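Welcome! Take a look at the structure, then try each task before reading on.

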There are 2 protein chains.
Amino acid sequence: MTTTINPTPAAPRDRAALAAGLRAALDGEFHEFKQGLRERLDAETMVRPVGQDIDTAREWTTNSLRRLTETGYNTVGMPEEFGGTESFAHSIAAFEVLGTGDLSLTIKSGVQSGLFGGAILNLGNDEQRRRWLPGVMNLDILGCYGMTELGRGSDVQSLETTITYLPETEEFEVHTPTDDARKAYIGNAAKDGHMAAVFGKLIVDGTDHGVHCIVVPIRDDEGNALEGIELGDHGHKGGLLGVDNGTIAFHHVRVPRENLLDRYGHVSADGTYSSPIERRGKRFSTMLSTLVRGRISVGGAGASATRRGLTIAVRHALKRTQFTTPTGEPVHIMRYQLHQRKLVPELARAYAFGFAQNELMKSFQAVADGEGDETAQRELGTHAAGLKAAQTRWANDTLQMCREACGGYGYMAENGLTTLTADADVFATFEGDNTVLSQLVARGLLSGFQASWSNLDMLETVRRSAALVSNRLLERTTAKATIDRLVSIASRKSSEEKILARGWHVELLEYREKRIIEALGMRMREVLKLDKSEQFEAMNQCQNHMADAAAAHMDRVILEAFIEGISETEEGHAREVLIKLCDLYALSTIHDNATWYLERSVYDGPRSRGIAQAIEKLCAELTDDIEAITDGLGVEEKFLNSVIAQA
Amino acid sequence: MTTTINPTPAAPRDRAALAAGLRAALDGEFHEFKQGLRERLDAETMVRPVGQDIDTAREWTTNSLRRLTETGYNTVGMPEEFGGTESFAHSIAAFEVLGTGDLSLTIKSGVQSGLFGGAILNLGNDEQRRRWLPGVMNLDILGCYGMTELGRGSDVQSLETTITYLPETEEFEVHTPTDDARKAYIGNAAKDGHMAAVFGKLIVDGTDHGVHCIVVPIRDDEGNALEGIELGDHGHKGGLLGVDNGTIAFHHVRVPRENLLDRYGHVSADGTYSSPIERRGKRFSTMLSTLVRGRISVGGAGASATRRGLTIAVRHALKRTQFTTPTGEPVHIMRYQLHQRKLVPELARAYAFGFAQNELMKSFQAVADGEGDETAQRELGTHAAGLKAAQTRWANDTLQMCREACGGYGYMAENGLTTLTADADVFATFEGDNTVLSQLVARGLLSGFQASWSNLDMLETVRRSAALVSNRLLERTTAKATIDRLVSIASRKSSEEKILARGWHVELLEYREKRIIEALGMRMREVLKLDKSEQFEAMNQCQNHMADAAAAHMDRVILEAFIEGISETEEGHAREVLIKLCDLYALSTIHDNATWYLERSVYDGPRSRGIAQAIEKLCAELTDDIEAITDGLGVEEKFLNSVIAQA
């Protein structure tokens, strides 16, 4: 079976113009801001020399973080009244640009501004913000984000650290009751941190009010641990050599009452607890709100790192020759079909994720601006988790592929790829373990499921079953009119034409999503009928199904974002290339799930093989423009830090 | 649809006995030898401390290599007449045991004994072996294997280094004509090597006789580069910090005539070239014979490293709890369905690869012992390439999965996994890039294809087309009678019963292999009809198809080896567990290719979903025995080098 793919447009090619057009489209509304930052940041700040030992790496990273301050980077996303500039969304966009350079610097900056600063910003009162945020921004106060404990990685609700109110002295006592309760993997803990935002159970007069956050000084001006503070150093990790991760244990440490970040949970001098949020579950999820921004940021930085890896690998492949043709001509490795099959679909994914990230940043800003209800907030959390997991999984797989695509060169540190793979590795685990996040996304798709679990009896659940699946999350997230039109056009196309019909792609991804989630909803309904003692195992048997649901949902959301991105790009060469990249993204995603479609006879064998052939053809066609497509990813040459990628 | 899987046998479980039984089965005929070595080697030699800088790592590795000598390790696989012990196959088995420890040591040992020593052993004459092999074994002569050049990674036939005979002084001049011709990534070059086996074009009286190998001294006793030798240091790499990889360039370096390893290409004093092998192509492939042993060794060591990673991850998962059941019971993460789906199929693959590696070692020994014809040699090369690619691909993917499965712990260097992933990474590239090897395997499957390319005209090709696919490589490799019986039994089973019928698994893998290779053969026939100028692109379009053919062939060969392994294991608990592991391996492999089967309606949707359910069920059942299954992999506790894996 042959497929019909439009030939490459005959318009004269101008690589620079195409690259600029693609970059502007991919940056979207953040284009000017990002482009300014790319120009303003210098290699001295962004590029860490190869082969440093751990002490030198940490020192370099701390110094670079200070240099960043001079560029105004650290004030982005902070409120104007406290000396900040730009919006929250811009702070994520800035983090993406930072992520095209050294990832130790990126993560250290994220710990300081996004996590430590974010905790004060989101959970603190006005006085606390005024007290600490200026020092957060100018780095007078380097801080830690003390959430994770050794014994409880993902299970934040079970934190063991205690924050106990002592009315007699109007202080809180912060305490680590067991070895397992030590705060672990904490950035800035091993060397630089002077304060920590510490999460623990707030206990007032014997009552546990759940997880709250308090600011605790941990080092004196000379850098020594304060009394009662026990600091450990994790030493060497898989990567991120420049980030001083460590452990913190608190031995009956007393801090003033005014250090409790009390926006959502206040303790008065006489020991009366009050909160503007009645419901404990809701209070907990609000306390964790810093995680949402962290997840969006980490997903974006993981994607940036991958863009850098792809840029290095493509540049190498366009220079490197291996073997000759039967007529004796040397062959650039980018010409080999298998090399195209490795690199080109990931370039398409890079664009897809970029557009999806833009949509997510907009949703984040909207929620932060008070637009959208509680449901919108929950959806934001669901999509932040889903896109973080998708992008960081992709980062790990793709960076490893890029490393291998550069052969022996790829393994030499001077070419930049091994540090990238090592640094980005942990993105799959921190800010939410990807596997756990996939379950979180699935739960988000099942509306009212959490409520059903604890509150409703079986009959009530069954009665509410029609609403078990969240219809709102199944709705189009963006570009509604455009997509409806595309679907309608596709329905009138011949079977042959459908392969490249965008509406057909949408229909396929939508169908898979709905079927998987509906089936999951039905299984969940059965689980809820069970006795509590049987629920765990029955629920456990659904984990794989939940992961599938999460993936199917995100696949569709990402495709919609790509369509939205194209619809906002004006006619021209860049748009034409984006359409092909979207074809490749959509068909690759469909083909990755071909087993599912074929099992259900959604399409037949010949059609499936036609999709595979269309993918091969698109890879070959897009290779013609691969330099511009790669440049469009927005990674400045000065940040590549790779000998083989030099022009 | 439900599947019928036999319940776990009710026999009393004895973990130690089961582990011992599994280990003995997996070690096969090398059990006693491997077990002896595991006991003899100590942690001081095998376990490299975490967090070393590059100088310390190199020093540790060199010292450990010397300590190895004291254990007799270095003499294994060398001929008795030169002071060696055991067989070639045993040297590969020994390398596998070494690979359960530090990989820098493993690779440095491989460079010294397998590559440098192997070149002298395989390509040298008796006098040369006597002259150098004792020094290779006792480490008086540390040597390099100078094959790869910067500009030509996989394309060894195009090496640029010249070895030119100078009859006036009865010397050879070794020369590096361009920067790209520098020998690159050479182990022992940066620091320790005193000699190098250098591959280059042999030129005698103006005639290029193709690639030959010559021994060149490169450093004096003080460790300084000799005149005309330019040594470079690659410095930091992705991993293998203890291996001193570097570059070597030769500037008109003269060496005595007696240094040419001349078993397959001799130059007499007066400058007459002679070779026992007439055909140039055959001579080239013989010259590359060290690569076969290297590939088998590297594949095995990659598998060993993965066994260590799996052992660490499983031990952690059996200790670590996260979250609680609805009734408040803490849950070990090994109990989670998704954790089982990650780890258990890879344990099954670890066994599958182990049995396949045993078969390959036996074939290697048989060919070395002079059993088997030229076709058997070619088949050995094909299977060595295929299993190296399969095992090292698996190593990279699985070690990364293990790292992630240990969450934050997994990222801390002290837990062993990040060094493993970083070290094993390059296994995908060295000793033959995996992508290139996949093409080599496919070419091996197309009999006479190489010959057709250069010698036959189109008509002749078409006439020979019936033999285009190598029927011999499609034959059963092992356990013929057993497998024929299983296939015959399966054909009489009901549709429902087939899912766990081994004969059905074999039939499915065989069918896929034959169809893919036959279709490839037909495409190749068309390629051969084309004009030379069109052949490259047409051939290029087959690369993906060739990779599929290679994978399909190896999948079937590996399954057959597993069946052979089971057939050699006596009845009992270990055998029962092996059967289940083989079920899981076979069904996972089939399901990974479900798209292919469904596209061709080999089975239908419900059957495909039945297979997926059977996999889930097998994962859960095998989890009951997971400690013993992991112990059976043969990684000694003393070599784990992982805090979280401590008992």
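**Exercise 1.** Decide whether B:T162 is buried, partly exposed or exposed.

*Solution.* Start with the scale: buried means under 20% relative accessible area, exposed means over 50%, and partly exposed is in between (1.4 Å probe, protein chains only). B:T162 has a relative accessible area of 14%, so this residue is buried. Next, place B:T162 in the fold: the residue belongs to strand β2 (residues 162-166) of chain B. Helices (H or I, at least four residues) and strands (E, at least two) are DSSP runs, numbered from the N terminus. Finally, look at its surroundings, where contact means heavy atoms within 4.5 Å. Not counting residues up to four places away in sequence, B:T162 touches B:E173, B:V174, B:H175, B:K201 and B:I203.

Before you go on, please note that this is a predicted model, in which local features need pLDDT of at least 70 and side-chain atom pairs count only at pLDDT 80 or more, while totals for chains, interfaces and linings use all residues. Residues are numbered from 1 along each chain as its sequence is written, chains are lettered from A and ligands numbered from 1 in the order in which they are written, and side-chain values use heavy atoms, with hydrogens and water left out.

**Exercise 2.** Work out in which order the three strands of the open sheet in chain B are arranged.

*Solution.* Two strands pair if DSSP finds at least two bridges between them. In chain B the order is β4-β8-β7, with antiparallel pairing. The edges are β4 (183-186) and β7 (229-233) of chain B, each of which pairs on one side only. From one strand to the next, the twist averages 20°. Now zoom in on one pair: β4(B) and β8 (residues 246-250) of chain B are joined in the antiparallel sense over two bridges. Here B:I186 stands opposite B:G246 of β8(B).

**Exercise 3.** Find how many residues lie between the two strands of the hairpin formed by β12(A) and β13(A).

*Solution.* First locate the strands: β12 (residues 321-324) and β13 (residues 330-332) of chain A pair in the antiparallel sense over two bridges. Within this pair, A:T324 stands opposite A:P330. Between the two strands of the hairpin there are five residues, and A:G328 in the turn has a positive phi of about 90°.

**Exercise 4.** Show where the buried residues of helix α20 (residues 532-540) of chain A sit around the helix.

*Solution.* List them first: A:Q535, A:F536, A:M539 and A:N540. Then look down the axis of α20(A): these buried residues fall within an arc of 120°, so they line one face of the helix. The arc is that of the directions from the helix axis to the C-beta atoms.

**Exercise 5.** State where B:E431 lies in chain B.

*Solution.* B:E431 is in the loop between α13 (417-425) and α14 (434-445) of chain B. Its phi is near 55°, a positive value in a residue other than glycine. At 16% relative accessibility, B:E431 counts as buried.

Notes. Axes fitted to C-alpha atoms, helices over the stretch in contact; angles between N-to-C directions.
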